[in-house]
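Visitor: I would like to learn how to read the features of a structure like this one, one at a time. Could you show it and take me through it?

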Amino acid sequence: MNTLLQDLRYALRQLRRAPGFAVTVVLTLALSVGVATAVFCVIDNVILRPLPYAHPDRIVDVMSRSPSGYTQPASWPSYKDERAQASAFAALAGYADYFDTTMETPSNGPVEFPNVRSTDNFFQVFGVQPMLGRTFLPGEEQEGKNDIAVLSYEMWQNYFGGDRNVLNKAVKLDGQTYTVIGVMPAGFRFPLNRRNAIYTPIHLDRPWMIRRGDHWLRTVARIRDGFTIEQAQADLAHVFSDLGQANSSDEGRTVRLQLLAESVNSQSKGPLWTLLGAVLAVLAIGCVNVAGLLLARGVKREREMAMRVAIGAGRIRLLRQLLTEGVLLALLGAAGGVLLAWTVLDLMRAFLIHALARGADIHLNWTVLAAAIAIAVCANLAASIFPAFHLSSIDPNRALKAGGSAGVERGQHRLRSGFVVTQVALTMVLLVVAGLLLRVVSRYRHVDLGFDPAHILSTGIDFSPARYQGRDVVADFYRPLLDRVSHLPGVRAAGLISLLPIENDGSNSDIHIAGQPPYPPNQEMLAENRFVSTGYFDVFGIPLHRGRALSPSLDRPEKIAPTVVVNDAFVKKFIPAGLDPAAQRIDDDDKQEKWTQIVGVVGNVRQNIYEAPLAERDWLMDELPLKDRAGLLSGMTLVLRTDGDPKLLIPALRNALHEVDPTVPFKTASTMTEVVSETLVFERMESWLFGIFAGLALALAMVGLYGLVSHEVEQSTRDIGVRMALGATRNRILGMVLRRVAWMLGAGTVVGFALTLVARKLIGMVIYFDAQKEAGGFLLLALLLLVAGLVAALIPAARAASIEPMHALRAE
Amino acid sequence: MASNNTLIEIEDLTKIFYTDEVETHALSGIHLTISRGEYVAMSGPSGCGKSTLLSILGLLDTPTGGRYLLNNNPVENLSFGDRSRIRNQEIGFIFQSFNLIGDLTVEENVELPLTYRAGMPSAERKGRVKEALERVNMAHRMRHYPAQLSGGQQQRVAVARALAGSPSILLADEPTGNLDSKNGEAVMHLLADLHREGSTICMVTHDPRFAKHAQREVHLFDGKVVSEDELKKLTEEVEA
């Protein structure tokens, strides 16, 4: 113990004596350990930690598909049959998580919450007991019994002040009264990305409950004890097959069960592991840097070590001394790393919450802190073990004769060059991935959306259908609203659409053009459906290519046949060449006179940023029958094209909305540029993180290179003096040093390319790339690395060139 | 006045080192002439200025004052680049600690000064290296690294490196200082052979046995050239 304290005291003194060295090592460790800890923390919280449910290994996501293989939720009748016939499940629950509900709060006015509407057995799936009250009882999904609500813990805390007497209180949701029956404990959420939610039983209009062709209900299940997932899968597949035989709407539908733990991370798991690979590369670069620094310092300490050996220190004693110094540095590095990880996570929080289902759960915990210390100690031990062995086995006679330095050994020289080549190679891999990701984001950002997102402001409008039941929502709400906002100063056009471009797709129907032969079975023939106002086309600048535009005076609800405009993608998909699209009809009703009439063709707009424009048909909202308007138009998006900065209009827009109807909550308004940006949140997070890690790797590699060249110049002062004595000019010396650096950079770059190709599968989890097509970009990155490396080496190289030969030789 | 045969002519050469407001007069008014083909030994006690003078002669250092003509050309105020060129073409160095570069083979070490000459074809360089190594009996060790050679062998390689460029003069700074007596004698014989073959040599040594190998001995004391008798007298005064 005494010796250990002595070692520790001596280690502290050593670090105080070489503050530059100590600070560089601690900073290098802190940077590399910090990013590794931050990403490990994300992986720990998102992937490694079990889901916050009882026995999560029994919970499965039930993924049903259409005959053509598209994800297709269940219809209500199908779900009821599945639930009744399947025997392998303790609970097979249905839910719809795409609703928001508005609640009147005493302090905040109308506030909107995510509303998860589910079947009565929903909570049985998760096996989590409420902290207050109860959850749904069997039969409470039926009309008349379903006006009850279970609060999430966050909602209870934030809007009910954690009041334990909340049970049996009445709350108004979308204007309808519900009774609070329970509060879930902290940490319970489903779906995991629905925070601050309120859970209610299914509330839907009757048509949605009886039509087998309307697929809207997602399903999740708990497998009964004694059944394996394979048996459950076989059981449900059998039920699907039986339902397909019994009902034409269910024919060909298939089902696959996936553990919920895998399903929630199916998109992010690969990229997160790849991200871990990236930070491990940064960590490796940091370790190599520290090893290089320790080696360089070791050369300076050879005489000291030789003296210790000369006066009787054993090898083990020296090793322990050196490793104590290493551990001390590691602990300091770990402390800095944890601080950095905390900062990085804080900066990433906004991204994480939006990009990952469990993003909101991410926080530093004891496991992660222990991991950080372990990473730092292991990293530093890995880095210091070789220099420690080297120093502890020093030949005292040689070292003392050499007067403090045994000179540059060829082996050490090669080892340090190997360090630089390794660092450059790993940096190259990270630069390639970061470059590719940045290009993807840039490509999406510059993709032809079909409209110019600049100067467009959008805000969602949601209200209770009950509020406008029996009234004309178009005449009483939307028209006055559009009238007011279109007269606001700075507004050039105003419109409405049921699903905002870029933000969403999936509201679609099967299409058949009248007079055309039946389409082949299993061929996807869907078109997106939208309700719009005429101003929508003006706001988005969508051109009319054929026929006429929709018009409130022509497209009236009294007409028997509804009218639509379709986009170019629709024409390409459904209308054979030679036919006039604006004269076609869609046979979407049993009665021929009710078939939808296409009256015009407009330009394409992307519904989803990742895909080419989908076929779309647009109805004028004014044409909808009065009785359907309140239900179908209860969720719309108001869009404005403005002259100047769209955000400046937000206060006026809020006023206009509340002047028309003060009960409708004003949702956060976003510009279309922000919508595009938000849509790319995962890609932006990936590119942002890879960019940072690549930048960090580059900085560390350059610090390593700078350190190596500085050290070599210092160690080679005599050789440089000799060269100058033999006639080498300063430029030659500069050239010699830079040539060597260029060689190392070149070798590192080539190894980096090779590594990139070898790791293509791992990188493919984040991004696919074609090495041949990307050759130009790779070359550019190599050039960037070469220039950065040469700049880093320039100062020590210039120092080498400015050596006075006389001084160099005299020093010898 | 210098004759056509004069290689080096120094007049009133001074060198003062300034450190922490202390002036050290390393050389004070040196006059010296070395003719082509001459073998001069510079001797004197430690700190007398021998090595400083040799550094100035070898254009590794610049004088504080005085005149230095090499091949009848003034060289005391040349730029770094010009001095490098002249060092490369006119001067061959032999150091006490050999100063071979550990990363390079024997062949590469000897070739090094030739690589600094623009336009010399590789074949010519290789020929000169081989010839220089044969002159010092080290051709058979061409592929070896310095660390694989004995001290005597390393110094012979250093001599070959100095010879390879066919310089006007060889400057040797205590060339036997790091060698045992046997190897020291061998290097002295090698220098004597080179002198017989026509080389001009200026050697710094503090060992009178080796100084005797030279044609002429220049004695330095406290930065001045003195006669042998004066040196003896001054040394006795200091020792007393």
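Guide: We begin with a term: contact means that heavy atoms lie within 4.5 Å. Helices (H or I, at least four residues) and strands (E, at least two) are DSSP runs, numbered from the N terminus. This is a predicted model, in which local features need pLDDT of at least 70 and side-chain atom pairs count only at pLDDT 80 or more, while totals for chains, interfaces and linings use all residues. Residues are numbered from 1 along each chain as its sequence is written, chains are lettered from A and ligands numbered from 1 in the order in which they are written, and side-chain values use heavy atoms, with hydrogens and water left out.

Visitor: What does the secondary structure of chain A come to, and what does its C-alpha trace span along the principal axes?

Guide: Chain A has 26 helices and 21 strands, and its C-alpha trace spans about 105 × 60 × 55 Å along the principal axes. Buried means under 20% relative accessible area, exposed over 50%, and partly exposed in between, with a 1.4 Å probe and protein chains only; by this rule 53% of the 812 residues of chain A are buried. Among contacts in chain A between residues at least 6 apart in sequence, 81% join residues at least 24 apart.

Visitor: How should I read a pair of packed helices?

Guide: Two packed helices are described by the angle between their axes and the distance between the axes. Axes are lines fitted to C-alpha atoms, for helices over the stretch in contact, and angles run from 0 to 180 degrees between N-to-C directions. In chain A, the axes of helix H23 (residues 730-758) and helix H25 (residues 775-801) come within 8 Å and cross at roughly 150 degrees.

Visitor: Which residues of H23(A) and H25(A) meet?

Guide: On H23(A) they include A:Arg730, A:Ile733, A:Leu734, A:Val737, A:Leu738 and A:Val741, and on H25(A) they include A:Phe778, A:Ala782, A:Leu785, A:Leu786, A:Gly789 and A:Leu790. The residues of this contact divide into 19 nonpolar, two polar and one charged, where Ala, Val, Leu, Ile, Met, Phe, Trp, Tyr, Cys and Pro count as nonpolar, Asp, Glu, Lys and Arg as charged, and the others, Gly among them, as polar.

Visitor: How do I read a sheet, and which strands stand at the edges of the four-stranded one in chain B?

Guide: Two strands pair if DSSP finds at least two bridges between them. The open sheet of four strands in chain B has the order E2-E1-E4-E5, with antiparallel pairing. Strand E2 (22-35) and strand E5 (73-74) of chain B stand at the edges, each with a single partner strand, so one side of each is left without a neighbour in the sheet. Strand E1 (residues 6-19) of chain B is joined to E2(B) by 11 bridges, and B:Phe17 has B:Thr24 in E2(B) as its bridge partner. Helix H1 (residues 50-57) of chain B packs on the sheet, touching E1, E2 and strand E4 (65-70) of chain B, and its direction makes about 120 degrees with that of E1(B).

Visitor: Is H1(B) mostly covered or mostly exposed?

Guide: H1(B) is mostly covered, with seven of its eight residues buried, among them B:Leu53, B:Leu54 and B:Ile56. After H1(B) comes B:Leu59, which has a positive phi near 60 degrees.

Visitor: What is the order of the six-stranded sheet in chain B?

Guide: That open sheet has the order E6-E7-E8-E3-E9-E10, with mixed pairing. Strand E6 (91-94) and strand E10 (224-226) of chain B are its edge strands, each pairing on one side only, and the twist averages 25 degrees from one strand to the next. E6(B) and strand E7 (residues 169-173) of chain B pair in the parallel sense over four bridges, with B:Ile94 opposite B:Ala172 in E7(B).

Visitor: How many disulfides are found over all chains?

Guide: A disulfide is a pair of cysteine sulfur atoms within 2.5 Å, and a search of the whole structure finds zero. The sulfur of A:Cys41 is 18 Å from the closest cysteine sulfur, in A:Cys378, too far for a bond; A:Cys41 is buried, at 0% relative accessibility. For A:Cys287 the closest cysteine sulfur is also in A:Cys378, 9.3 Å away and too far for a bond.
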